[in-house]
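Visitor: I would like to learn how to read a structure like this one. Where do we start?

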Amino acid sequence: MAVFISRSREATEAFAAEYAKTLSPGDTVLLEGEMGAGKTVFAKGLAKGLGIEEEVTSPTYAYMNDYDGRLFHYDCYRIESPEQAEALGLADYFDMGGICLVEWPQNIAPLLPKDAKRVIIRKRSGEEREIECL
């Protein structure tokens with residue numbers, strides 16, 4: 001377990017880029033934090049750490065963005081049930097060999113791999129964030 005205190009968006013991205021180096025193909029990371037905590041900023045850094053040059057954006061309306069099969073970035077905020085996620089085919093990507101980064105994972109909890117890693121981002125004050133990796 002590691003806790004990092006970030007004092008800027010740039011520091012969050014840099015930390016996430018380093019964290020990406022600890023991941024292996026097929027890993028699933030549950031990215032938790034309230035609205036505006038910095039989950040998408042973390043996702044941008046993670047993608048950079050994986051060598052993805054494409055601009056990373058929040059997949060709120062698409063549910064999941066696929067970055068070359070290396071990173072599957074989920075936003076399950078609008079998913080109302082695990083059944084809805086399954087009908088959309090979201091569970092299929094857990095076995096495709098890329099890294100799955102899942103925002104709002106509680107909305108699809110029964111579908112998640114049991115060995116998923118967790119990253120929790122907590123707002124502290126202003127730009128300051130506490131990032132805990134479990």
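This is a predicted model: local features need pLDDT of at least 70, side-chain atom pairs count only at pLDDT 80 or more; totals for chains, interfaces and linings use all residues.

Visitor: Which pattern does the chain follow along the sequence?

Guide: The pattern is β-α-β-α-β-β-α-β-β-β. That comprises three helices and seven strands.

Visitor: What radius of gyration does the chain have?

Guide: The radius of gyration is 14 Å, which agrees with the value near 14 Å for a compact globule of 134 residues. Along the principal axes, the C-alpha atoms fill a box of roughly 40 × 30 × 25 Å. Buried residues make up 49% of the 134 residues.

Visitor: How is a pair of aromatic rings described?

Guide: By the distance of the centres and the angle of the planes. Here, a search of the whole structure finds five aromatic pairs. One of them joins Phe-72 and Tyr-93: the ring centres are 4.9 Å apart and the planes stand at 55 degrees, so this pair is tilted. Phe-72 lies in strand 4 and Tyr-93 in the loop between helix 3 and strand 5, so the pair ties together parts 21 residues apart in sequence.

Visitor: Is Phe-72 buried or exposed?

Guide: Phe-72 counts as buried, at 2% relative accessibility. Tyr-93 is partly exposed, with a relative accessible area of 23%.

Visitor: What about the rings of Tyr-74 and Phe-94?

Guide: Their centres are 5.4 Å apart and their planes at 5 degrees, so the pair is stacked. Tyr-74 lies in strand 4 and Phe-94 in the loop between helix 3 and strand 5, so parts 20 residues apart in sequence are tied together. Both Tyr-74 and Phe-94 are buried.

Methods. Residues are numbered from 1 along each chain as its sequence is written. Side-chain values use heavy atoms; hydrogens and water are left out. Helices (H or I, at least four residues) and strands (E, at least two) are DSSP runs, numbered from the N terminus. The radius of gyration is taken over C-alpha atoms; the globule rule is 2.2 Å times the number of residues to the power 0.38. Buried means under 20% relative accessible area, exposed over 50%, partly exposed in between (1.4 Å probe, protein chains only). Rings of Phe, Tyr and Trp (its six-membered ring) pair if their centres lie within 6.5 Å; planes under 30 degrees apart count as stacked, over 60 as edge-to-face and the rest as tilted.
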